[in-house]
Amino acid sequence: MLQSSQLSQAGQSESVPPLRHHFTSLFSLPSSPPCGGFLWMLSDPLYMSDETKAMLSIDDEPISEQQSPSSTTEESPDEIASHLSLDASVVPYIGQQFVTHDAAYEFYSQFAKRCGFSIRRHRTEGKDGVGKGLTRRYFVCHRAGNTPSKQPSLKPQRNRKSTRCGCQAYMRISKFSDGGMHEWRVTGFVNYHNHELLEPDQVRFLPAYRVISDPDKTRILMFYKSGITVQQMMRLLELEKCVEPGKLPFTEKDVRNFIQSLRKLDQEEEGIDLLRMCKSIKERDPNFCYNFKVDSSNELKNIAWSYASSVQSYDIFGDAVVFDTSHRIAALDMPLGIWIGMNNYGLPCFFGCVLLREENSQSFAWALQVFLSFMNGKAPQTILTDQNAYLKEAIEIEMPDSKHAICLWFIVGKFPSWFNAVLGERYTEWKMEFYRLYNCENIEEFEIGWHEMVDNYGFQTNRHIASLYACRSLWALPYLRGHFFAGFCTAGASKLINAFIQRFLSAQTQLAHFVEQVAVTVDYRDQTSELQSMQQNLQNISFKTGAPMEAHAASILTPYAFSKLQDELVMATHYACFQTDNNSFLIRHHSKTHTGGDRTVTWVSHHELLSCSCRMFEFSGILCRHALRVLSTANCFQIPDHYMPLRWRRTHYSVVLGRGNGNFDDQSEKVKTLQLMVSDLLNEAVKSKERVELVSMEVEGLLARLRQQPVNKSWQIEFIN
């Protein structure tokens, strides 16, 4: 190759260009070579050395074992080292010896990292086990060569930009034999680049240097099985290694790729284990429900399941359901859907779970179909979800008679990212205005207020505001008051639901064990709910009005539902009642002198039928203050039975026996005796702390054994008054 002195004679500058010199394209150089003219000459056969020609030639003859190296570098190791402020011992040179070609590759790779580029293996000559075996290897800059043309394909392909630019930096090694011993020597080395080299803090991002060590892989695998997110993994590894954020030798993308490779290896096996687990649970509990779907490759795509206790709960509390699909199983990277209800004590109850490989209309439609099959075809009156277009489409098809609504807490959770930067200091003020509009009494008031809000805050072109307004009938209370929501629209309900779901997310490990872990979580939650229900029942009820209706409601409703009704009874005393005709009453707050807050109540006494224009009973199942004021005016001492719904009542059990299966009276007496025994048990247990602990421990064991007993399908347990 041309040496520095030869370059100078050819019209170049007196000094060799430094290593980090940024050259122009090989194919757009002027006729007179500029400062980087070496590259121009390197591409011309007249100026190529034998070594460069050999590297670019496709039909090189393998180097003879006895042949001595004749190639040279453009600069000496000392000159290159001085440019880079490196020790000359780390710079390759002609004649340098290595025991193996892998050792040569590692040495050149470390040199390249110090320089600001990475390398890759290029051509080889010879083949292991054939003739003289492998005789020559070329290592080139990662930007060597040109982008290969893509062949037309029917499958969609990612349009990635290539980093190759025809760089001709390389190192060649050849194998020599001496007395039966083999060694590899550097026989060619070019260290000029036609591209800018990276700085030390940038070169670590090259794929060749983003390496996850085996100990780090072990730690990541442990984090992965524990359900820790990738962001959390990175932070933990940074803390363990005492490095600054972002200074690990690999990136989040590398970790995700590593986890994905684990999933690809284990996906089919995990799917088989998961189905085996479901089958095992089904054998132990015949009332366990599960269903699954496989793809064209016979790999598990979707799976859903529910438990016998969940199906029984749904029969009473399945009128309003939250289908939460906003979470993912981090360890599996799968969307998780959970069906949740609200029981008569105001506590969340589990109805079912689904794992989906994809989030699209077809997957959601399958999930809804399977859920309905678990629940004997009974669709909920109301289903609340996140703002998901695919899910909305699936519900319209699979549950056309159910009212679909969007949970407000899903919407509000996105407000900081949507509006904080836009509104600045006015964000809190606007949020209060939004809640005011959300709670408007009627649609007309909402519409007027919304347009005023848009003008006041300059939201005319805000896409999030436009999206919220377009789907207002799915989340704004003025549009929803005529539908039953079981208290899901309150802030307290969202906290309970989130805490309930976190128990599932904290139980993530391997996919095959997730179903069983959910069962343990549900069982624990059921026991907790039973304990909380007992504690509520044992609390002394404080009457606030002394009205007969209050005492009547307290004897029938759960403490949770009674507290809601009691608040309305107290507020009813603040209203005046005016009868307008035989069945209609005008209700007005004592402080109001205008008709803006008036409510109209219809009361048909001989049929005991009530309805109020505020529609609170339809919305929550609790009579409103306006209706209670009319009942008080009509001298009613009890609330009509059908205005204290079954789902809000204190529950006790009665057995409805199937035809031709025993004596009903005998079995009914046994159940009544059991009820008395349970009542006596509670009365005795609450007399001391030690008694409560003893009973709790014994009952937990009894419940565990009881749940393992098969259910006789000729019997149906019902909740009745």
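A residue is called buried when its relative accessible area is under 20%, exposed when over 50%, and partly exposed in between (1.4 Å probe, protein chains only). Keep that in mind as we tour this predicted model, where local features need pLDDT of at least 70, side-chain atom pairs count only at pLDDT 80 or more, and totals for chains, interfaces and linings use all residues. Residues are numbered from 1 along each chain as its sequence is written, and side-chain values use heavy atoms, with hydrogens and water left out.

- Helices (H or I, at least four residues) and strands (E, at least two) are DSSP runs, numbered from the N terminus.
- Helix α21 covers residues 548-556, and its buried residues are Met-549, Glu-550, His-552, Ala-553, Ala-554 and Ile-556.
- An α-helix has 3.6 residues a turn, so residues three or four places apart point the same way.
- The buried residues of α21 pack against α22 (559-572) and α24 (625-633); contact here means heavy atoms within 4.5 Å.

**The open sheet**

- Seven strands make an open sheet with mixed pairing, in the order β6-β7-β10-β9-β8-β11-β12; two strands pair if DSSP finds at least two bridges between them.
- At the edges are β6 (289-294) and β12 (403-406), each of which pairs on one side only.
- From one strand to the next, the twist averages 20 degrees.
- Strands β8 (residues 320-329) and β9 (residues 334-342) run antiparallel and are joined by six bridges.
- Opposite Arg-328 you will find Pro-335 in β9.

**Helices on the sheet**

- Helix α10 (residues 308-317) lies across β6, β7 (300-306), β8, β9 and β10 (348-356), and runs at about 120 degrees to β10.
- Helix α11 (residues 361-374) packs on the sheet too, touching β6, β7, β8, β9, β10 and β11 (382-385), and its direction makes about 30 degrees with that of β7.
- For these angles, axes are lines fitted to C-alpha atoms (for helices over the stretch in contact), and angles run from 0 to 180 degrees between N-to-C directions.

**Aromatic rings**

- Rings of Phe, Tyr and Trp (its six-membered ring) pair if their centres lie within 6.5 Å; planes under 30 degrees apart are stacked, over 60 edge-to-face, and the rest tilted.
- By this rule there are 38 aromatic pairs.
- One of them is the edge-to-face pair of Phe-543 and Phe-562, 6.4 Å centre to centre with 80 degrees between the planes.
- Phe-543 lies in the loop between α20 (511-538) and α21 and Phe-562 in helix α22, so this pair ties together parts 19 residues apart in sequence.
- Phe-543 is partly exposed at 45% relative accessibility, whereas Phe-562 is buried at 4%.
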